[in-house]
Amino acid sequence: VAAAPSAISEARMAAFDGPILSKPAVQQGEYYYSQEEFADYILHYFKQNLRDYETNPEKTVAQAKGIACGTMGIVGRSFCRPLDALTKPITPQQQSDLIKSIGVPMITKAVHEAVANAGITTKDIGAVIYTSHLPFPFPPLSTHVMNAVEFGKDCVNMPCLSMGCAGGGYALRMARDYMKTHPDQACIIINCELRSEEHTSE
């Protein structure tokens, strides 16, 4: 949440000049797997796609697992669906429906936590800046979130899509520009990446 000092208590913001970026809120999927569990599962289905697998399968698999479980430094991963569902293709419509049914409740919970961290309410939010690599749904997920959360009366929806890893920086720039022209308001940046909903039948 980015907010002008006037939107937050004077005692907390007396020493600041300009928009304030508050503590973020994070929600993760309910299904957690260690990196070793995840690597074993993926290798079971896709090891034949590894380079040099045909000529030296044992070495190739061992090298891939060593990178995944050691070099990458990842302890575990959280998913929104069980691991055994990730290799089962779904249609684009199923993908869109899953993103809405899972993403909106997760985002809603994160939004309420974020505004509480900022010391404001959702009604103080004048702009929702949404960034995601997800191609679905249409309209953007932020539209569905705005229907579920009571934001400010004239709150604007500002989706920032298809920017890849640069989306976060782009969203911060949008938030800064918005706050410069609306110094009496607050805005929130929402990012949603539900990778376990992306295996389509295409």
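**Entry 1: V1.** I opened this predicted model at V1 and listed its contacts, skipping neighbours within four places in sequence. What I got back was I20, L21, S22, A114, V115, A118, I120, I125, C187 and I188.

**Entry 2: the cores.** Next I looked up the largest nonpolar core, which has 26 residues. V1 turns up again here: together with I125, F151, I188, I190 and L194, V1 touches the most other members. I then asked which elements supply at least two residues each of this core, and found helix 4 (92-118), strand 5 (125-132), helix 5 (141-148) and strand 7 (186-191). Helix 4 gives the largest share, nine residues. Apart from this core I noted another one, of nine residues, including I129, Y178, M179 and C187.

**Entry 3: helix 5.** Which residues of helix 5 are buried? I found L141, S142 and V145. They span an arc of only 95° around the axis, so they sit on the same side of helix 5. I also checked what covers these buried residues, and the cover includes helix 4, strand 5, strand 6 (156-161) and strand 7.

**Entry 4: cysteines.** My search for disulfides came to a count of zero.

How values were computed
Residues are numbered from 1 along each chain as its sequence is written. This is a predicted model: local features need pLDDT of at least 70, side-chain atom pairs count only at pLDDT 80 or more; totals for chains, interfaces and linings use all residues. Side-chain values use heavy atoms; hydrogens and water are left out. A nonpolar core is a set of buried Ala, Val, Leu, Ile, Met, Phe, Trp, Tyr and Cys residues joined through side-chain atoms within 4.5 Å. Buried means under 20% relative accessible area, exposed over 50%, partly exposed in between (1.4 Å probe, protein chains only). Helices (H or I, at least four residues) and strands (E, at least two) are DSSP runs, numbered from the N terminus. Contact means heavy atoms within 4.5 Å. A disulfide is a pair of cysteine sulfur atoms within 2.5 Å. The arc is that of the directions from the helix axis to the C-beta atoms.
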